[in-house]
Amino acid sequence: MSREIIKERALEERESSILQAIVYEYITKGKPVGSRSFVHKYSLAVSPATMRNIMYDLESLEYLKQPHTSAGRIPTDKGYRFYVDSLLDSYEFSMKDREISVKEEAIKREVQLDKIFSVITKMLSTESRYAAVMLTPRFDFTVVKRVVLVPMDNNEILFILITRTGVVLTKKVMVSSNVTQDDLHTFSKYLTGELCGYAIYEIRDTIFERLRKEKEAGVNKDMALDIAQLAVSESEEPRLHIDGIENLLKIPEMVEEDRLHSLLSIIEENNILRRILARTMENEGISTLIGEEIQEEQVKGCSMVSTPYKIGNKLVGAIGVLGPTRMDYEKVVPLVDYTGRIVTELLTKMSK
């Protein structure tokens, strides 16, 4: 008589412990887990026959699957999800590793934002041994430090905006009348004085409107504001930093046909990772997307652990680790969490 297959019910405590141990074993070894060897290795107080029954039940509940009839079991996406949720419910993490602390100081010594992002993604890929990805802050959230206007030919003006985080925006703006060098010097001084300390989105939303209502002696305020408003009217797309794709090519299952195709798609089409990281920015805290949860048709057999980071109280970007579903979540989850906190602290200080 065949056993009834039940797809949903709460796991018993013993089933939960065994499932977590099986997932951990598969993450560590990368080989299907058999009942006899598993019982022997973990000195469990159950017989191999009992273990087979428990594994069968976990398979019926779709936490495990059998890649081949004669093979042991491996976790499904649902099995990994149960394991990761258990980790997130209980993990405590304090980064005391000296090597990472040294790298943290290296990050804080950098002054150019692009270099900081490169150091961060390199550190994260090296420590995780997977691929690290980072979506840079939207330019809208950077805070103005200085504005400089430079004359060019044919009534063109070069607008240079320097932010507190070291990002520089340069835009060419065409004006309808001649503007002298002295005018541009006056405009630069006026715009710096009025816009310094505000984020770009604040300037667009409220500051321009407020300034147009105010009176300013000795300045062609409207022309100065027109130039600035034209220069910052369009948002620049956040950049994507990727490091460590070569790490994934060293993992046997990642070079199987389907997953290799996924990797090539990710490398060739950055918008896939942009979309995944953009979803991360919808909520605070760690996000784990396992297998099909990524919801990208071209991405198969991968997982992403990511977290947003802030400037002050604003979520402005995201950072994460991409790897196989057989990812070492116990290591990667706190590592990503820690890195996100460091980035938030650093960018917030730079913006003050």
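This is a predicted model: local features need pLDDT of at least 70, side-chain atom pairs count only at pLDDT 80 or more; totals for chains, interfaces and linings use all residues.

Author: Residues are numbered from 1 along each chain as its sequence is written, and side-chain values use heavy atoms, with hydrogens and water left out.

Reader: At what angle do helix α4 and helix α13 pack?

Author: Helices (H or I, at least four residues) and strands (E, at least two) are DSSP runs, numbered from the N terminus. Axes are lines fitted to C-alpha atoms, for helices over the stretch in contact, and angles run from 0 to 180 degrees between N-to-C directions. Here α4 (residues 77–90) and α13 (residues 329–350) pack at about 50 degrees, and their axes are 10 Å apart. Angles under 35 degrees count as roughly parallel, over 145 as roughly antiparallel, 65 to 115 as roughly perpendicular and the rest as oblique. The pair α4 and α13 is therefore oblique.

Reader: Which hand does the crossing of α4 and α13 have, and which residues make the contact?

Author: A crossing is left-handed if the near helix is turned anticlockwise from the far one by less than a right angle, and right-handed if clockwise. The crossing of α4 and α13 is right-handed. Contact means heavy atoms within 4.5 Å. On the α4 side the contact is made by Tyr80, Tyr83, Val84, Leu87 and Leu88, and on the α13 side by Tyr329, Glu330 and Val333. For residue classes, Ala, Val, Leu, Ile, Met, Phe, Trp, Tyr, Cys and Pro count as nonpolar, Asp, Glu, Lys and Arg as charged, and the others, Gly among them, as polar. The residues of the contact of α4 with α13 comprise seven nonpolar, no polar and one charged.

Reader: How do the axes of α1 and α4 cross?

Author: Helix α1 (residues 13–29) and α4 have axes that come within 10 Å and cross at roughly 105 degrees. That makes α1 roughly perpendicular to α4. From α1 the contact takes Ser16, Leu19, Gln20, Val23, Tyr24, Tyr26 and Ile27, and from α4 it takes Gly79, Tyr80, Phe82, Tyr83 and Ser86. These divide into eight nonpolar, four polar and no charged residues.

Reader: How are α2 and α3 arranged?

Author: The axes of α2 (residues 35–42) and α3 (residues 48–60) come within 8 Å, crossing at roughly 115 degrees. These two helices are therefore roughly perpendicular to each other, and their crossing is right-handed. Ser35, Arg36, Phe38 and Val39 of α2 meet Pro48, Met51, Arg52 and Met55 of α3. The contact of α2 with α3 holds five nonpolar, one polar and two charged residues.

Reader: Is Glu25 buried or exposed?

Author: Buried means under 20% relative accessible area, exposed over 50%, and partly exposed in between (1.4 Å probe, protein chains only). Glu25, found in helix α1, counts as buried at 12% relative accessibility. Leaving aside neighbours within four places in sequence, Glu25 is in contact with Gly30, Val33, Phe38, Lys41 and Tyr42. Glu25 and Phe38 are 13 residues apart in sequence, and their C-alpha atoms are 8.7 Å apart.

Reader: Where does Thr325 lie, and what does Thr325 touch?

Author: Thr325 is placed in the loop between β10 (314–324) and α13, and at 6% relative accessibility counts as buried. Not counting residues up to four places away in sequence, Thr325 touches Asp77, Tyr80, Arg259, Ile290, Gly291, Gly301, Cys302 and Ser303. Between Thr325 and Ser303, 22 residues apart in sequence, the C-alpha distance is 5.0 Å.

Reader: How many disulfides does a search of the whole structure find?

Author: A disulfide is a pair of cysteine sulfur atoms within 2.5 Å. The search finds zero. As for accessibility, Cys196 is partly exposed at 32%, whereas Cys302 is buried at 1%.

Reader: What is phi at Asn155 and at Gln295?

Author: Most residues other than glycine have a negative phi. Asn155, not a glycine, has a positive phi of about 60 degrees. Asn155 lies in the loop between β4 (144–151) and β5 (156–163) and is partly exposed, at 26% relative accessible area. Gln295 likewise has a positive phi, near 60 degrees. Gln295 is found in the loop between β8 (287–290) and β9 (302–311), and is exposed at 64%.
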